[in-house]
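This briefing concerns a single protein chain.

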Amino acid sequence: MPSGEMYAYSFIRGGGMNRLDQTVYQLSYDEDTGNLMLYVSGDCQGELISMEVGTEVMEKCYELVKRHKLYKSKGFYESSVMALDAPSSSFYVSFRNPSEFISGSGNMPDDIFEGINAVNQYLRSVVGDRKAEGHVDRVYNHDGIKGMHWTDGRITVITPDDSEEPLKKAARQLDDSSSTDISQMGYSRFKDGDRHYFVIHDYKNNMHRVFVSFDGSEKSLQEIQMRDAADMLFGTFTDNKGHRFAFSPDGKVSKDGAEPTELMIFGQNSRNPMIILDGHQMRSFKLTEKGVDFFGLQLPGDRADNSVPACSLIRVGDETNLWPVVNERFLTQPMLDKLSDDQLEQMLKSIHMHNTMPEGDFMWFSDIGEINHEVLMAEKKHREK
């Protein structure tokens, strides 16, 4: 066993035909900050989870390397079988004072793999149930949707059995109310906590519609509407008089640090919320390139397309990441309706690309980023017609 201090561990399985089929375990110190960083591949394609950890993690890995005698690895192990375009595995352990290393690759023996798996399982336990930004669980079967209620934020659909056909028909009829043709349609299914998502892809009309599960009650639909609004507005804004408005994820707003108040209020028999901002009732809001416009109540004689805002706010934050919602949750149609054309472009530019390897070997959209990119591009083309 090397006598120096262990300062890095890595195990990589990858290569071959699918560049996104990567298994990554890496524990190393960041050269710029000196922080000990852990990188572990997630359960979703292209997902890489990164987190800062304490030195006790490196100490535990040192103990496992020593216990399983990984220092006996002889480096490259040649295989008697040549597999073309197949993924390969390798591990590397670095020491300093003095500088030494342990490595292994190729057709490694079982006892070496046993030690590697012990280290990897420990690092996986450190990560726990964390997921990287924008990654959610993909679901590849129909089980569990019988009798479920779904909404795209406008219409509601019930799936009486385990088929997605009612969702496809509902999405197609948004374009043609009399059509029952569900050919040239596909879907992607996700689960994020207790929330289920069906994304219907209408390839014929280049449309993508996000359906969210709910329990069928009016209250649940209202909660979805409030969450949509809260996620779009979450952050701090200022008006032209220098007042600061802080919108929270629970659908409340605070002015100049005062006690938060409800932004959206639902009437007893109303599905549409009443928006209350700074003591004034608003009918709607729309995101802009710099912030958000709120529109006042329409009075008798007002034009239906009245577009003069009653209040305009400018978002306070990093100009390169003004709207983090696009990387954190799927955009439903009512959320898209809140976007101006300029903001739609800004949302597209705000979608993050993620590394599949700590060294930035390959860039990829997360699950949420991929769907939102498709949804935003389809909305952009729809508006251009």
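The points below go from the whole chain to single residues.

The model is predicted: local features require pLDDT of at least 70 and side-chain atom pairs pLDDT 80 or more, whereas totals for chains, interfaces and linings use all residues. Residues are numbered from 1 along each chain as its sequence is written, and side-chain values use heavy atoms, with hydrogens and water left out.

**Overall build**

- The chain has seven helices and 24 strands, taken as DSSP runs numbered from the N terminus (helices H or I, at least four residues; strands E, at least two).
- Along the principal axes, its C-alpha atoms fill a box of roughly 85 × 55 × 35 Å.
- Of the 385 residues, 43% are buried, where buried means under 20% relative accessible area, exposed over 50%, and partly exposed in between (1.4 Å probe, protein chains only).
- Contacts (heavy atoms within 4.5 Å) between residues at least 6 apart in sequence join residues at least 24 apart in 55% of cases.

**Nonpolar cores**

- A nonpolar core is a set of buried Ala, Val, Leu, Ile, Met, Phe, Trp, Tyr and Cys residues joined through side-chain atoms within 4.5 Å.
- The largest core holds 43 residues, of which Phe247, Leu277, Leu287, Phe294, Met347 and Leu376 touch the most other members.
- Helix 4 (residues 218-233) gives the most to this core, with five residues.
- Beyond four places in sequence, the residues that Leu287 touches include Met232, Leu233, Trp323 and Met347.
- A second, separate core of 31 residues includes Phe11, Leu27, Phe95 and Leu123.

**Aspartate 367**

- Aspartate 367 lies in helix 7 (residues 367-384) and counts as buried because its relative accessibility is 2%.
- Its contacts beyond four places in sequence are Cys44, Gly134, His135, Val136, Arg138, Phe190 and Phe330.
- The side chains of aspartate 367 and arginine 138 form a polar contact of 2.9 Å; such a contact is a pair of N or O atoms within 3.5 Å, one able to donate a hydrogen and the other to accept it.

**Backbone features**

- Most residues other than glycine have a negative phi, and most peptide bonds are trans.
- The peptide bond from asparagine 97 to proline 98 is cis, with omega near 5 degrees; proline 98 is in the loop between strand 6 (88-96) and strand 7 (100-106).
- Lysine 69 has a positive phi of about 55 degrees and sits in the loop between helix 1 (55-67) and strand 5 (75-77).
- Asparagine 206, with phi near 50 degrees, is in the loop between strand 12 (195-202) and strand 13 (207-214).
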